[in-house]
Amino acid sequence: MRRASFTSSILSRTLSTVHDGGTVNLHPRLLRVALFSSSRTDNSNSRRHWFSPLLNSFSKTSGQAVSLGLVGVVASVASAASVYAKEPPPAEIIPKDVVLYQYEACPFCNKVKAFLDYYDIPYKVVEVNPISKKEIKWSDYKKVPILMVDGQQLVDSSAIIDQLSEKILPGKAIISVADEDEETKWRRWVDNHLVHVLSPNIYRNTSEALESFDYITSNGNFSFTEKITVKYAGAAAMYFVSKNLKKKYNITDERAALYEATETWVDALNGRNFLGGSKPNLADLAVFGVLRPIRYLRSGRDMVEHTRIGEWYSRMEKVVGESSRIKA
């Protein structure tokens, strides 16, 4: 009910801007917010109540103006719905058994999860102990992510997404390096540049390293002893690893490098809601995925505060929606 009231309030404000001649000055941003606020309301009674405050608020306005206004709102809402809708594939081509072996804060793992979540592919998660890696002893591949899809092992985040795309998006061709399009170019940018500025920021100092591993251990299936070991040994190890990465990629100022990368991405959007236009493409999902684990850490909060990434990130949070992870 709170969302419905909020929606009515926003649409009432939008429709109240009536000019001479009965035309309505529609504010797309307000309408998009209104859509999100109402799109989770499922039953018909709620939808009927959703419009009633609007009709009451315009009871003193001419019928023609109200009708024109409501037609405009419905058209705008319908248009926004197509912009922000998820894209679940047909049920018959969705894999039946999907298991992701991951580290909770791993950007590559989160890239795969963003794809699975956006396409509503149910999956189970096995949190891997980053020190012992006992959960993937069975595999010859000793890195994460590992994705088991109906018994088939898939590895390397970008390769996983390409292979899944072939399975569930049969009309989407995989572009070769020689014929690289915008989407492919920016997916490669994520793997070759953006991810490399993350670790030096996440593990910039001991307090931020501990913050990150506190997040990892609170989400993993670890015993008390393992939590303590992983948190402190892992944080110490990654602190020194991040210093090596900083040197390897010639990063002098961690935050400046992060801000520059996110601004580069916003520039690439060129005013579009998503790189894919009206809906995210695989590059949008890749950038969102690798940024998701840091968003509410200190580095991510700084990133949103000091760059223009926030609006795009919020749109991605809404369209990717809730995780399709199967709870154990």
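How many aromatic pairs does the structure hold? The structure holds 10 aromatic pairs, where rings of Phe, Tyr and Trp (its six-membered ring) pair if their centres lie within 6.5 Å, and where planes under 30 degrees apart count as stacked, over 60 as edge-to-face and the rest as tilted. This is a predicted model, in which local features need pLDDT of at least 70 and side-chain atom pairs count only at pLDDT 80 or more, while totals for chains, interfaces and linings use all residues. Residues are numbered from 1 along each chain as its sequence is written, and side-chain values use heavy atoms, with hydrogens and water left out.

**Aromatic rings**

**Nonpolar cores**

A residue is called buried under 20% relative accessible area, exposed over 50%, and partly exposed in between (1.4 Å probe, protein chains only). A nonpolar core is a set of buried Ala, Val, Leu, Ile, Met, Phe, Trp, Tyr and Cys residues joined through side-chain atoms within 4.5 Å. The largest such core has 63 residues, and Trp-265 and Trp-312 are among those with the most contacts inside it. Contact here means heavy atoms within 4.5 Å; leaving aside residues up to four places away in sequence, Trp-312 touches several residues, including Trp-265, Leu-269, Phe-274 and Phe-288.

**Helix α9**

Helices (H or I, at least four residues) and strands (E, at least two) are DSSP runs, numbered from the N terminus. The expected span of a helix is 1.5 Å times one less than its number of residues; for the 14 residues of α9 (residues 206-219) this gives 20 Å, which agrees with the 20 Å between its end C-alpha atoms. The buried residues of α9 are Glu-208, Ala-209, Ser-212, Phe-213, Ile-216 and Thr-217, and what covers them includes β2 (124-127), α8 (198-202), α10 (224-248), α11 (254-269) and α13 (298-306).

**Cysteines and backbone**

A disulfide is a pair of cysteine sulfur atoms within 2.5 Å, and by this rule the count comes to zero. Cys-106 is in no disulfide, because the nearest cysteine sulfur, that of Cys-109, is 3.1 Å away.

The peptide bond from Val-144 to Pro-145 is cis, with omega near 10 degrees, and Pro-145 has its place in the loop between β2 and β3 (146-149). Phi is positive, near 55 degrees, in Asp-120, which is in the loop between α5 (107-118) and β2. Asn-250 likewise has a positive phi near 55 degrees, and it lies in the loop between α10 and α11.

The table gathers the accessibility of some of the residues named above.

| Residue | Relative accessible area | Class |
|---|---|---|
| Tyr-239 | 23% | partly exposed |
| Phe-240 | 54% | exposed |
| Cys-106 | 10% | buried |
| Cys-109 | 0% | buried |
| Asp-120 | 30% | partly exposed |
| Asn-250 | 68% | exposed |
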